[in-house]
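Here are some notes for a reader new to this structure.

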Amino acid sequence: MTPLWTHRLIPSAMLLLTWQVAATAAQSPLLPTPQAVLEALVAETVHGALLHHLAATLLRVAVCFCLAMTIGGILGSAMAASPRLNRWLDPWLQLLLNMPAMVVAILAYVWLGLGEPAAIIAVTLSKLPNVMVILREGGRQRDRNLAQMAQIFRFSPRLRLVHVILPELAPYLLAATRSGLSLVWKIVLLVELLGRSSGIGFQLNVYFQMLDITHILAYAASFMVVIHAIEISLLTWMDRRVARWKA
């Protein structure tokens, strides 16, 4: 069997090779070579402000992701358990689902000002409906027999959560996490570009105004590599946990 890492290495190598060939053929500052981007990335890491802006963005991603997963998980599960609550919240859910993230960010900045709370609220609201929908559907698929068994054996709330509810919702939590990480960091970059003075999105806006494609790609690559590493390590751990619960 082919090792898992080769499935990630080979496409990456092909992408870099294609990029190198295209950049060599173009001979244009609008398409720098991978080497030029790597040199800019190293220089910004060692002598520039890349680490400061990367840390600011990652902190926003972590805060918004945790808020969206917690609030969305609670509301989604509650909607699955209560048809009345579902009927009341569903119109709001549909509104948020169809509201573009850019509109949410602009309204948050207009109403709350160009501050950190507005950015956090905008990103959380943009991710929240996705988590609610996934966890609502997961709650609807729960086995009533298991709930009755837990009631008969008088499970404490903690035992019921750990041994009944979480194992049943684990695949849906994994789906919400996988989609959440990929969605949250993109929206964070958007709100940083629109109204923050730190973060990868802010730096992308600065270099966009300077038409500096090399530094745009360097900052984007740094963040994408870190986020990709987080996704791989976290999702791998969650996959193992889900498999253990199913066994």
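1. A crossing of two helices is called right-handed if the near helix is turned clockwise from the far one by less than a right angle, and left-handed if anticlockwise. In this predicted model, the crossing of helix 5 and helix 6 is right-handed.

2. Helix 5 covers residues 101–112 and helix 6 covers residues 116–140. Their axes come within 9 Å and cross at roughly 150°. Angles over 145 degrees count as roughly antiparallel, and helix 5 and helix 6 are therefore roughly antiparallel to each other.

3. Which residues make this contact? Helix 5 contributes A101, V104, A105, A108, Y109 and L112. From helix 6 come A118, A119, I121, A122, L125 and S126. Sorted by class, the contact has 11 nonpolar residues, one polar residue and no charged residues.

4. The largest nonpolar core has 26 residues. Within this core, V123, V191, I200 and F223 touch the most other members. Two or more residues each are given to the core by helix 3 (50–81), helix 5, helix 6, helix 8 (157–195), helix 9 (200–209) and helix 10 (213–246). Helix 8 gives the most, with six residues.

5. What does V191 touch, leaving aside residues up to four places away in sequence? The residues are A105, Y109, A119, A122, V123 and R196. Of these, A105 and Y109 also belong to the helix 5 side of the contact in point 3, and A119 and A122 to the helix 6 side.

6. Another core lies apart from the largest one. This other core has eight residues, including F65, L135, L169 and A176.

Note on methods
Residues numbered from 1 in each chain as written. Predicted model: local features only at pLDDT ≥ 70, side-chain atom pairs only at ≥ 80, totals over all residues. Heavy atoms only, no water. Axes fitted to C-alpha atoms, helices over the stretch in contact; angles between N-to-C directions. Helix = DSSP H or I, 4+ residues; strand = E, 2+ residues; numbered from the N terminus. Parallel < 35°, antiparallel > 145°, perpendicular 65-115°, else oblique. Contact = heavy atoms within 4.5 Å. Nonpolar A, V, L, I, M, F, W, Y, C, P; charged D, E, K, R; others polar. Core = buried A, V, L, I, M, F, W, Y, C linked by side-chain atoms within 4.5 Å. Buried < 20%, exposed > 50% of the residue type's maximum accessible area, 1.4 Å probe, protein only.
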